[in-house]
Amino acid sequence: MKTSSERMKTFPDHFFAGLDSKIKELQARGEDVIRLDVGSPDLPPADHIIDALNRSAAQADHHGYQPYLGPDELREAWAETYQRLYGVNLDPDSEIIPLMGSKEGIFNLVMATIDPGDVVLIPDPGYLTYNRATRFAGGEPVHLPLIPENDYLPDLEDIPQHLLHRAKLLWLNYPHNPTAAVADLAYFTKVVSFAHRHNLLLCHDAAYSRVTFDGYQAPSLLQVPGAKDIAVEFNTLSKSHNMAGWREGVAVGNRRALESLHVLKTNVDSGQFRPIMDAATAALTGDQSWLIKRNEIYSQRRDLIIDALRSSGLNPRKPMGSLYVWCPVPPDFSAEDFVSTLLEQTAVSLTPGTIFGANGAGYVRISLSAPTGKIEEAMQRITRMLQRSGGKVG
Ligand SMILES: Cc1ncc(COP(=O)(O)O)c(C=O)c1O
């Protein structure tokens, strides 16, 4: 009996699936494991969002299939959000598609636009789904190095011509997972003109656009004049509104690319649960001031982590956005060694940079999405271990 396609055999288990079983073992030994590896917000959404979910769920006619594009109110709420935050006009009927979380849309847009042999330009390190989707589609992922010397922005002039000729799609993601780097409008403007010149579909993953600190506000790629001619931007309520488990995202921008995504989705899913979409509408249109207070909590956690790591002789950059601190590991140790020793000796779980690509070597990603007390405890454990070992791990 055939239970796996040849294609599936080329995909390793997801890193976090393996990590989960290691963590279960430690917990079975009685260890109090602190997980700073995943980026799933620990704080709840605001009450008015949960109230909207409950009110909608109480309606007898809200339990059936919904239109593929969801209720008009949800798309209008995204349009209003883009207008208010960025001054970007979007047509709710042709330039906005609600998603079951942005991961689904990121994957499906690649499936809907890429043919076997097409090159897809992907940041390295970067969110794994860009690479995985490309390989599922039979495309060729070409990795663009993100390095500190370039502020973790791809150097577009460095892409070899023979690959650029075959390239169809270029991914960007700012604030960036995992490096927490940000990009300004000047850089976006350069990339939009590059994409125009080389006939590329430009996709910007803005998952962390509203998790920002110290007054910084992340721009939308669609603020660049002419961006909609060639670009799609993905957004999500997972990180912005603490709703990761609700699965509510959006793709906005170029209507022809969105039409392909729409056709693919009508073959794959049958829309979303109405109460979740109504609650998402409430999240977008209701009071947004709680996000400021929530971001202050993240920035306090960020400071706590940065101070502890710096006092241990490590040198992470201070992020202006995202849910992560990106930190070089002590010299002479690989990211994997550092992470597994830390887990064994202190029961603190971090993510090795290498799972995000070859350029993640020598780095770990530390998540801000755990209760502040737990982060404090984790930093004490890490500091003690580094002091004991004099910076030497293993
Ligand atoms: C860069 C980036 N994009 C997209 C996603 C997917 O988010 P969701 O599917 O919850 O909207 C994540 C999740 O961690 C992410 O880090």
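**Helix packing and the sheet**

Mentor: Helices α5 and α10 are roughly perpendicular to each other, a label that covers angles from 65 to 115 degrees. This is a predicted model, in which local features need pLDDT of at least 70, side-chain atom pairs count only at pLDDT 80 or more, and totals for chains, interfaces and linings use all residues. Residues are numbered from 1 along each chain as its sequence is written. The angle between α5 (residues 102-113) and α10 (residues 255-268) is about 105°, and their axes are 9 Å apart. Axes are lines fitted to C-alpha atoms, for helices over the stretch in contact, with angles from 0 to 180 degrees between N-to-C directions. Helices (H or I, at least four residues) and strands (E, at least two) are DSSP runs, numbered from the N terminus.

On the α5 side, Gly105, Asn108, Leu109, Met111, Ala112 and Thr113 meet Ala257, Ser260, Leu261, Leu264, Lys265 and Val268 of α10; contact requires C-beta atoms, placed from the backbone, within 7 Å. These residues comprise 7 nonpolar, 4 polar and 1 charged, where Ala, Val, Leu, Ile, Met, Phe, Trp, Tyr, Cys and Pro are nonpolar, Asp, Glu, Lys and Arg charged, and the others, Gly among them, polar.

The open sheet has 7 strands in the order β2-β8-β7-β6-β5-β3-β4, with mixed pairing; pairing takes at least two DSSP bridges. Its edge strands, β2 (96-99) and β4 (140-145), each pair on one side only. Helix α4 (residues 72-86) lies across β2 and β8 (249-253), at about 115° to β2.

Definitions and conventions:
Two residues are in contact if their C-beta atoms, placed from the backbone, lie within 7 Å. Angles under 35 degrees count as roughly parallel, over 145 as roughly antiparallel, 65 to 115 as roughly perpendicular and the rest as oblique.
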